Amino acid sequence: MPLLKEDYRKQEKIDGLFYDMSTPHYQHGIVSGNICCLIKAGLKNTSFLTFMRNLEFRYHPKENDDYVTPDVMLVCDRKHLKGGSYSGVPRLIVETLSPSTAFRDKTTKKDIYEKAGVEEYWIVSPKGESMEIYYLQDDAYVLTHSYILQDDPEENDYNADTVIALRSFPEIRMKLYELFEGVNV
């Protein structure tokens, strides 16, 4: 039997309810791909894995079968990988905003990651060329860095060369402009 277009639809299950994931705009894919590649390039430990929108995160597997599918996820404990899902605690999750999912990424999913104990959470906007970095402190996320790319060196607020490093892996470093490279070409 041929597969229908509906068979390719990705969903997330939050609090027992299914949510359709949007079909991302090409800019979404560029930004997520850039981040994934930059993290992989900086990883010294080859047992750590970076996934891009292809692995479900089962955020409380002992309670139910809810899951989300982050745009980028860095996992360090392979024993929690099973099939197409991960039930451990990722070290980093990145959500790249889409118009249809931005609210959920900034509220519901942020709360999920916070409660699950994800140490670092990035929210990145391709259209706004901006990002927010949250660190887990005392079981709550604290907005620690917020950037809007200014890549004109003649402007006072030029910040394209700002170095961003992962909190748990300071050797993984990237420049702000690298996250958005190729978005507006």
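Which residues of helix H3 (residues 108–116) are buried? They are Lys109, Lys110, Ile112, Tyr113, Glu114 and Ala116. Buried means under 20% relative accessible area, exposed means over 50%, and partly exposed lies in between (1.4 Å probe, protein chains only).

This is a predicted model: local features need pLDDT of at least 70, side-chain atom pairs count only at pLDDT 80 or more, and totals for chains, interfaces and linings use all residues. Residues are numbered from 1 along each chain as its sequence is written, and side-chain values use heavy atoms, with hydrogens and water left out.

**Figure 1. The whole protein chain.** The protein chain has 4 helices and 13 strands. Helices (H or I, at least four residues) and strands (E, at least two) are DSSP runs, numbered from the N terminus. The C-alpha trace spans about 55 × 40 × 30 Å along its principal axes. A compact globule of 185 residues would have a radius of gyration near 16 Å; the chain has 17 Å, which agrees. This radius is taken over C-alpha atoms, and the globule rule is 2.2 Å times the number of residues to the power 0.38. Of the 185 residues, 47% are buried. Among contacts with a separation of 6 or more, 54% join residues 24 or more positions apart. Contact means heavy atoms within 4.5 Å.

**Figure 2. The surface and charges of the chain.** The protein chain exposes about 10,200 Å², and carbon and sulfur atoms supply 49% of it. Accessible areas come from the Shrake-Rupley method with a 1.4 Å probe; for residues, only the protein chains shown count as cover. There are 22 positive and 30 negative side chains. The centres of the two sets lie 7 Å apart. Lys and Arg count as positive, Asp and Glu as negative; His and the chain ends are not counted. Each charge is placed at NZ of Lys, CZ of Arg, CG of Asp or CD of Glu.

**Figure 3. Lysine 13 in strand E1 (residues 11–14).** Lysine 13 counts as buried because its relative accessibility is 13%. Its side chain makes a polar contact with the side chain of aspartate 65 (2.5 Å). A polar contact is a pair of N or O atoms within 3.5 Å; within protein, one must be able to donate a hydrogen and the other to accept it, and residues adjacent in sequence count only if both atoms are side-chain atoms. Leaving out residues up to four places away in sequence, lysine 13 touches Phe18, Tyr59, Asp65, Asp66 and Tyr67.

**Figure 4. Cysteine 36 in helix H1 (residues 26–42).** Cysteine 36 is buried, at a relative accessible area of 6%. Beyond its neighbours within four places in sequence, cysteine 36 contacts Thr50, Phe51, Met52 and Val72. Leucine 179 is 143 residues from cysteine 36 along the chain, yet their C-alpha atoms are separated by 9.5 Å.

**Figure 5. Serine 85 in strand E7 (residues 85–86).** Serine 85 counts as buried because its relative accessibility is 12%. Residues up to four places away in sequence aside, serine 85 touches Leu55, Glu56, Arg58 and His80.

**Figure 6. Positions with positive phi.** Most residues other than glycine have a negative phi. Arginine 53, not a glycine, has a positive phi of about 50 degrees. Arginine 53 sits in the loop between strand E3 (49–52) and strand E4 (56–57). Glutamate 129, also not a glycine, has a positive phi of about 40 degrees. The loop holding glutamate 129 runs between strand E9 (120–125) and strand E10 (130–137). Glutamate 129 is buried, at 16% relative accessible area.
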